[in-house]
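Reader: I am new to reading protein models and would like to learn by asking questions. Could you show me one and talk me through it?

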Amino acid sequence: MATTKVLSVVSEIYPLIKTGGLADVAGALPGALAAEDVEMRTLVPGYPAVMAALAEAEKVEKVFRLKDLFGGPAVVLAGRAKGLDLFVLDAPHLFDRPGNPYHDGDGEDWPDNPFRFAALARVGAEIGFGAIKGFRPDVVHTHDWQAGLTPAYLEYDGRPRPGTVATVHNLAFQGQYPKDMLADLRLPPHAWGVDGVEYYDTIGFLKSALRMSDRVTTVSPTYAAEIRSGEGGMGLSGLLAGRAGVVSGILNGIDTDVWDPAKDPLIAGHYDASTPSSRRTNKSALQKRFGIKVDRRAMVFGVVSRLSWQKGLDMVLEGIETILSVGGQLVLLGSGDRELVDGFRHAAAAHPGRVGVMIGYDESLAHQVQAGSDALLVPSRFEPCGLTQLCALRYGAIPIVTRVGGLADTIIDANEMALEAGVGTGVMFTPPHADMFRAAILRAADLYRDGATWRRLMKNAMRTDVSWRRSAARYAKLYRDLVTERNA
Ligand code: ADP
Ligand code: GLC
């Protein structure tokens, strides 16, 4: 069978630009899929960080130009940067600005976001139609609302189009804009309707992708089920339930080269599943780094997270006394909502030596928390997949998680039967309430106190296959089935 060509359209990609797990996934997929005979190339916006990486590429080609892309000229560049085969949308009027891909330094969304991401989608569609010589994709795979208009531009154009796949990484962000933008977004009048872009009387970027793509995937089977139910669907459950036949969940993996405790250059001491006691060096380095008491026996609970309602970290604030009552310590690395930032800063000040907090985004510190914590807290209210619990498994930090979305699909609760069968990898609780969180902490502390049981959990965790292997094969099959279906 011939190589399947796939264009991935996405608004962030690791290691060039990242605000969350979406970037990790976009960065890892092409490499994982290469082993499945899928040639994936990725279209990303030319933010300053992306342009800087491209400037270091060996060879950069201008592949096509657009005289006017929503208010200015644009050039599509092709090049290989940091191991990624990229198409970069160089449109300075849209992307050459400081700060975050989505908002300015004060956290305000860029007011022209609908046009910035419509531009990404339009160019994605052009590449889909074959604008680039030598790379006519069989499938265009879009991610989240930012790439959401791509299938609409492909559909309404009228030319023969490739297959389309839309992946939902987080249904909480939907990209909704006023209906009077329809013409300015270069969408035809008949795009306005339930089968098109109309969504509760607005233009819905994500909605239209979910309505119009040939296949819809999300990043875990449980989340795929949750979003077809009322509450989890966040306004889209009806649409998704109606398309159940084309909706599926494919778990994320992590890049096991970037996350490898046996050779990670960012951590203090190397170890693997057969030498878990060598984690000690990392634990004491972490305690030092966070300014808490260096104590080998204290159970260290770690957090690496965006600080937002989704992540349920208010439960951690409410459970701090419980963590301390079992002789535990807390280290938190995160950034986000003001209220949670203040709450954790306050907790650190109130419990010096036992609670350490670093506010900010720090890649190497994230690795150190994973390598040095005994347990990683992920008490999310909803979690499409979650990557930090996968990193935690690999690094032997036992995940304490809610039974939702991808957390439910990747962690095996160490209940009595699982312990008996020797298969537990973490501690799971439900519903996401502070009382249940506290109970989970107490249960984890009991397991920790029984050294042999805890070592068993660590081994099980570290031996779990968190790579992209299985899921890459699933995506490859999805693409191939779609191509076959469209050729028939
Ligand atoms: P989400 O995408 O919802 O934020 P994920 O668990 O899928 O959640 O992905 C989060 C990614 O961002 C992981 O790679 C994690 O290590 C990283 N991360 C989150 N917060 C921080 C932080 N403060 N510093 C460094 N890395 C972080
Ligand atoms: C989103 C989700 C997270 C998921 C990530 C990558 O940010 O919140 O659960 O792991 O996307 O798919």
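Reader: Is tyrosine 200 buried or exposed?
Author: Tyrosine 200 sits in the loop between strand E9 (198–199) and strand E10 (202–204). Helices here are DSSP runs of H or I with at least four residues, strands are runs of E with at least two, and both are numbered from the N terminus. Buried means under 20% relative accessible area, exposed means over 50%, and partly exposed is in between, with a 1.4 Å probe and protein chains only. Because its relative accessible area is 57%, tyrosine 200 is exposed.

Reader: Thanks! Before we go on, what kind of model is this, and how are things numbered?
Author: Residues are numbered from 1 along each chain as its sequence is written, chains are lettered from A and ligands numbered from 1 in the order in which they are written, and side-chain values use heavy atoms, with hydrogens and water left out. Local features need pLDDT of at least 70, side-chain atom pairs count only at pLDDT 80 or more, and totals for chains, interfaces and linings use all residues, since this is a predicted model.

Reader: What is the phi of tyrosine 200 near?
Author: Most residues other than glycine have a negative phi. Tyrosine 200 is not a glycine, yet its phi is positive, near 45°.

Reader: Is aspartate 144, which also has a positive phi, buried or exposed?
Author: Aspartate 144 has a phi of about 60° and lies in the loop between strand E6 (139–143) and helix H5 (150–157). Its relative accessible area is 10%, so aspartate 144 is buried.

Reader: Which peptide bond near omega 5° is cis?
Author: Most peptide bonds are trans. A cis bond with omega near -5° runs from threonine 430 to proline 431, and proline 431 lies in the loop between strand E18 (427–429) and helix H17 (434–449). Proline 15 is in the loop between strand E1 (4–9) and H1. The cis bond with omega near 5° goes from tyrosine 14 to proline 15.

Reader: Let us zoom out. What radius of gyration does the chain have?
Author: The C-alpha atoms fill a box of roughly 65 × 45 × 45 Å along the principal axes. The radius of gyration is taken over C-alpha atoms, and the globule rule is 2.2 Å times the number of residues to the power 0.38. For 488 residues a compact globule would have a value near 23 Å, which agrees with the chain's 23 Å.

Reader: How much of the chain is buried?
Author: The secondary structure comes to 19 helices and 18 strands. Of the 488 residues in the chain, the buried ones make up 58%.

Reader: Which element gives the largest share of the shell around ligand 1?
Author: The shell has 18 residues, and Gly21, Asp24, Arg306, Gly360 and Leu387 are the closest; a residue is near a molecule if one of its heavy atoms lies within 4 Å of it. A backbone N or O atom of leucine 387 is 2.8 Å from an oxygen atom of ligand 1. H1, strand E13 (300–307) and strand E14 (329–336) are the elements that give two or more residues. The largest share, 3 residues, comes from E13.

Reader: Which side chain does the side chain of lysine 311 make a polar contact with?
Author: Lysine 311 lies in the loop between E13 and helix H10 (313–318), and a side-chain N or O atom of lysine 311 is 2.9 Å from an oxygen atom of ligand 1. A polar contact is a pair of N or O atoms within 3.5 Å; within protein, one must be able to donate a hydrogen and the other to accept it, and residues adjacent in sequence count only if both atoms are side-chain atoms. At 14% relative accessibility, lysine 311 counts as buried. Its side chain has a polar contact, at 2.9 Å, with that of glutamate 383.

Reader: And ligand 2: how much of its area does the protein bury?
Author: Among the closest of the 14 residues around ligand 2 are His169 and Asn252. A polar side-chain atom of histidine 169 lies 2.6 Å from an oxygen atom of ligand 2, and for a side-chain N or O atom of asparagine 252 the distance to a ligand 2 oxygen atom is 2.8 Å. Accessible areas come from the Shrake-Rupley method with a 1.4 Å probe; for residues, only the protein chains shown count as cover. Taken alone ligand 2 exposes 310 Å², and the protein buries 93%.
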